[in-house]
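Student: Could you walk me through this one? I'd like to go a region at a time.

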Amino acid sequence: MRPSSGSILRMISSCQIATPAKSGKKGAFFWFLGCAFVSIHLENILFIPLTKAESMSEKMTGRLSGKVALITGAGSGLGRAMALLFAREGAKIIATDINEKNAQSVAQEIGDKALFLFQDVTDEARWESVISEACAHFGGLDILVNNAGIGGMGSVESTSTRDWRRMHEVDLDSVFFGCRAAMPALRQSKSASIINISSIAGILADGNMASYCSSKAAVRHLTKSVGLHCARNRYPVRCNSLHPAFIDTAILDDVIPGMPRDVLLQKLAKGNPMGRVGDPMDVAYAALFLASDEAKFINASELLIDGGLSAQ
Ligand SMILES: NC(=O)c1ccc[n+]([C@@H]2O[C@H](COP(=O)([O-])OP(=O)(O)OC[C@H]3O[C@@H](n4cnc5c(N)ncnc54)[C@H](O)[C@@H]3O)[C@@H](O)[C@H]2O)c1
């Protein structure tokens with residue numbers, strides 16, 4: 001049975017009274033006994049506040065309170081998970097997507113603290129108006145997550161020029177447009193963070209993902225360039241990239257078209273040291289850390305969310 005915190009406190013204070021110096025040999029024995037009891041139950045003593053903290057994490061803890069975050073591709077998968085988590089942690093959310101229905105419903109789920117804006121991230125001019133509308137609505141911008149993206153398979157021989165260009169437009173050019181368009185607003189922030197969603201494919205190549213690997217590797221290096229530019233100019237803006245392995249989202253539909261979902265997930269899980277694919281929340285929690293001021297000295301860096309895949 002776990003002792004109550006009150007009885008532990010009483011136990012500690014009785015130990016302090018019964019010190020060997022004050023009570024002789026008999027006192028030393030009880031003092032020793034008391035210390036032994038406290039050390040045996042130390043885990044319990046520490047466990048009481050931890051349990052409370054853990055249950056609080058299900059609620060809002062305000063890690064992003066006062067911040068405004070723009071998340072692209074917020075209607076589905078990782079974007080949706082980040083939007084909901086960031087909102088729970090106190091951020092105001094601008095949820096953008098080409099899929100109006102999905103992103104609108106994410107914004108509705110969050111409520112007053114969210115604004116949906118239609119945005120095709122490959123549209124350079126639209127970036128300018130999205131940033132202006134976001135700043136006008138919430139009074140500024142502190143976090144940009146360049147998340148919207150597409151997947152696609154194909155080797156150097158089987159990829160058409162059209163598909164190659166489309167992949168780079170959506171997965172790479174958009175990140176450049178986003179960083180550039182948001183910079184004036186982010187520079188006005190006290191402490192801003194850009195998070196670019198790259199992929200493990202930006203670090204480990206695959207022979208059948210030529211255009212995806214190319215665009216995600218470029219995002220990784222672009223991120224470092226942006227981060228260094230901000231640091232050297234003393235902007236209050238950090239820029240980092242995230243590199244997830246396979247995560248269970250709609251994007252996996254392109255990996256082996258036609259394969260039943262459960263079979264595909266089992267197949268992908270076998271290739272990971274942890275024996276599973278990732279969950280969108282695995283990525284959302286990493287993004288939350290980078291978005292928060294807890295990561296204030298982390299810049300031009302990359303964080304792998306791959307269950308150890310790349311360590312082999
Ligand atoms: N799921 C994975 O296994 C995985 C792994 C590594 C990296 N990623 C990256 O994570 C990001 C999010 O992907 P996801 O897994 O959540 O996939 P998803 O398909 O669930 O979500 C992608 C979202 O981006 C939006 N989008 C696509 N093209 C767009 C455009 N031109 N303009 C605006 N929005 C657009 C889609 O409508 C969708 O809501 C992508 O950049 C992807 O490359 C995913």
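Student: Is R234 buried or exposed?

Tutor: R234 counts as exposed, because it has 8 C-beta neighbours inside 10 Å, where 12 or fewer is the limit for that class.

Student: Which other residue has a positive phi although it is not a glycine, and where does it lie?

Tutor: A300 has a positive phi of about 55°, and its place is the loop between α10 and β7. A300 has 18 C-beta neighbours inside 10 Å and therefore counts as partly exposed.

Student: Let's zoom out. How many helices and strands are in the protein chain?

Tutor: The protein chain holds 10 helices and seven strands. It has 312 residues, of which 38% are buried, and among its contacts with a separation of 6 or more, 69% join residues 24 or more positions apart.

Student: What about confidence, what's the average pLDDT?

Tutor: The average for the protein chain is 87, and 81% of the residues score at least 70. Over residues 1-23, however, pLDDT stays under 50, and the model has 27 contacts beyond four places in sequence for that stretch. Residues 35-57 also have a pLDDT below 50, with 12 contacts in the model beyond near neighbours in sequence. Where pLDDT is low, the predicted coordinates should not be read in detail.

Student: OK, on to the core. Which residues touch the most other members of the largest nonpolar core?

Tutor: That core has 75 residues, and the ones touching the most other members are A69, M82, A83, F86, I93, A95 and A287. Helix α7 (residues 161-187) supplies the largest share of this core, with 11 residues. As background, nonpolar side chains in soluble globular proteins tend to be buried together.

Student: What is A287 in contact with?

Tutor: Once neighbours within four places in sequence are left aside, A287 is in contact with M82, V145, I195 and L242. A287 is also one of the buried residues of α10, a set that includes V283, A284, L288 and L290 as well. The buried residues of α10 are covered by elements including β1 (68-72), α4, β4 (143-146), β5 (192-197), β6 (237-244) and β7 (302-305).

Student: What span should α10 have, and does the geometry agree or disagree?

Tutor: Helix α10 (residues 280-291) has 12 residues, so at 1.5 Å a residue it should span 16 Å, and its end C-alpha atoms are 16 Å apart, which agrees. The expected span uses one less than the number of residues.

Student: You listed V145 as a partner of A287. Where is V145, and why does it count as buried?

Tutor: V145 is in strand β4, and it is buried because 27 other C-beta atoms lie within 10 Å, where 20 or more is the threshold. Apart from residues up to four places away in sequence, V145 touches A69, I71, T72, M82, I195, I197 and A287. V145 and G73 are 72 residues apart along the chain, yet their C-alpha atoms are separated by 9.2 Å.

Student: Switching to the ligand: which residues come nearest?

Tutor: There are 30 residues around the ligand, and G73, G77, G149, T249 and I251 come nearest. Helix α4 (residues 77-88) gives the most to this shell, with three residues.

Student: And how do the residues of the shell divide into nonpolar, polar and charged?

Tutor: The shell around the ligand has 13 nonpolar residues, 15 polar and two charged.

Student: One more loop, then. Where is D254, and what does it touch?

Tutor: D254 is in the loop between β6 and α9 (261-270), and, not counting residues up to four places away in sequence, D254 touches G151, G152 and M153. D254 and M153 are 101 residues apart in sequence, while C-alpha to C-alpha they are 7.3 Å apart in space. D254 counts as exposed because it has 12 C-beta neighbours inside 10 Å.

Student: Last one: what about E128?

Tutor: E128 is in helix α6 (residues 124-138), and with 14 C-beta neighbours inside 10 Å it counts as partly exposed. E128 and G178 are 50 residues apart in sequence and 8.8 Å apart in space, C-alpha to C-alpha.

Key: Residues numbered from 1 in each chain as written. Predicted model: local features only at pLDDT ≥ 70, side-chain atom pairs only at ≥ 80, totals over all residues. Core = buried A, V, L, I, M, F, W, Y, C linked by C-beta atoms within 7 Å. Helix = DSSP H or I, 4+ residues; strand = E, 2+ residues; numbered from the N terminus. Contact = placed C-beta atoms within 7 Å. Near = placed C-beta within 6 Å. Nonpolar A, V, L, I, M, F, W, Y, C, P; charged D, E, K, R; others polar. pLDDT = per-residue confidence, 0-100.
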